[in-house]
Amino acid sequence: MLGAKLQILQIGEQKSKHLIQLSSHLRRSTHRVPFFAHARRHRSASYFSDTSTATRSSTMGGQHNISEDELPYDPAKLERKKDIGIAEFFSVDIRVGVIVGVQDFPEMRKPSYKIEVDFGPIIGKLNTSAQITNYSKDELLLRTVIGTINLGKKKLPTGFISEFLIMGALEPSGKVRLLEAPSGTLPGSAVA
């Protein structure tokens, strides 16, 4: 039944109303629901608390592989992901923030920083960790960045709580190039 409903997604733009109906059905059904619908239904508990590392990495970015030899993120190797509904996309809260704190995070297995970002007067300051040591701490401080803030909290093995996902484009090797908003964009501004 779910497979038949997913075929609706492939029919095309003229059937977009079916996509919204499908999304609504999946949120009410006992079938597995898309990631963002699941996260929205379980805001009080972290999405990450009952998922495997492989699932976290594939749905959230997670710890990615950085390899100058294998080039795991070469665009020629990356397949297109399955379509999602517009309702799921619009449920993602992507905001502009300013990095106000950067600390080394030597306890992590892969080189990382602890990052504190100010997302404006309503959201305030949130913390995350990121494998962005290709930037110096001075390059990061006061940089305007993009973050996804409603994916749930993630408790790392060190006990650190990551509260959002900092957004970046991956070079073929896996190094992150942070996404930025134009100068003058206010912290807390929504990204659409």
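This is a predicted model: local features need pLDDT of at least 70, side-chain atom pairs count only at pLDDT 80 or more; totals for chains, interfaces and linings use all residues.
Biologist: How many helices and strands does the protein have?

Modeller: Helices (H or I, at least four residues) and strands (E, at least two) are DSSP runs, numbered from the N terminus. Here there are seven helices and nine strands.

Biologist: Which strands form the open sheet, and in what order?

Modeller: Start with the pairing rule: two strands pair if DSSP finds at least two bridges between them. The open sheet has five strands, in the order β3-β2-β1-β4-β7, with antiparallel pairing. β3 (125-130) and β7 (165-166) stand at the edges. Each has a single partner strand, so one side of each lacks a neighbour in the sheet.

Biologist: How many bridges join β1 to β2, and how many join β1 to β4?

Modeller: β1 (residues 94-104) and β2 (residues 113-118) run antiparallel. Six bridges join them. Ile 99 stands opposite Val 117 in β2. Gln 103 stands opposite Lys 114 in β2. Five bridges join β1 to β4 (residues 144-148), again antiparallel. There, Arg 95 has Gly 147 of β4 as its bridge partner.

Biologist: Where do the side chains of a regular strand point?

Modeller: In a regular strand they alternate between the two faces of the sheet.

Biologist: What share of the protein is buried?

Modeller: Buried means under 20% relative accessible area, exposed over 50%, and partly exposed in between (1.4 Å probe, protein chains only). Of the 192 residues in the protein, 34% are buried.

Biologist: Which residues of the largest nonpolar core touch the most other members?

Modeller: A nonpolar core is a set of buried Ala, Val, Leu, Ile, Met, Phe, Trp, Tyr and Cys residues joined through side-chain atoms within 4.5 Å. The largest one has 17 residues. Ile 99, Ile 115, Ile 132, Leu 140 and Leu 178 touch the most other members. β1, β2, β3 and β9 (176-178) each give two or more residues to this core. The largest share, three residues, comes from β2. Apart from this core lies another, of five residues, including Val 92, Val 96, Ile 146 and Ala 181.

Biologist: What is Ile 115 in contact with?

Modeller: Contact means heavy atoms within 4.5 Å. Leaving aside neighbours within four places in sequence, Ile 115 is in contact with Ile 99, Gly 101, Val 102, Leu 126, Asn 127, Thr 128, Ile 132 and Leu 140.

Biologist: What share of contacts joins residues at least 24 apart?

Modeller: Among contacts between residues at least 6 apart in sequence, the share is 59%.

Biologist: How many aromatic pairs are there?

Modeller: Rings of Phe, Tyr and Trp (its six-membered ring) pair if their centres lie within 6.5 Å; planes under 30 degrees apart count as stacked, over 60 as edge-to-face and the rest as tilted. The whole structure holds three aromatic pairs. One of them is Phe 89 with Phe 90, edge-to-face, at 5.5 Å centre to centre and 65° between the planes. Phe 89 is partly exposed, at 40% relative accessible area. Phe 90 is exposed, at 61%. The ring centres of Phe 119 and Phe 164 are 5.0 Å apart, with planes at 85°, so this pair is edge-to-face. Phe 119 lies in the loop between β2 and α6 (120-123), and Phe 164 in the loop between β6 (161-162) and β7, so the pair ties together parts 45 residues apart in sequence. Both Phe 119 and Phe 164 are buried.

Biologist: Which ring does the charged end of Lys 114 sit over?

Modeller: A charge sits over a ring if NZ of Lys or CZ of Arg is within 6 Å of the ring centre and within 35 degrees of the ring normal. Lys 114 sits over the ring of Phe 105, its charged end 4.8 Å from the centre.

Biologist: Is Ser 112 buried or exposed?

Modeller: Ser 112 is buried, at 6% relative accessibility. Its place is the loop between β1 and β2.

Notes
Residues are numbered from 1 along each chain as its sequence is written. Side-chain values use heavy atoms; hydrogens and water are left out.
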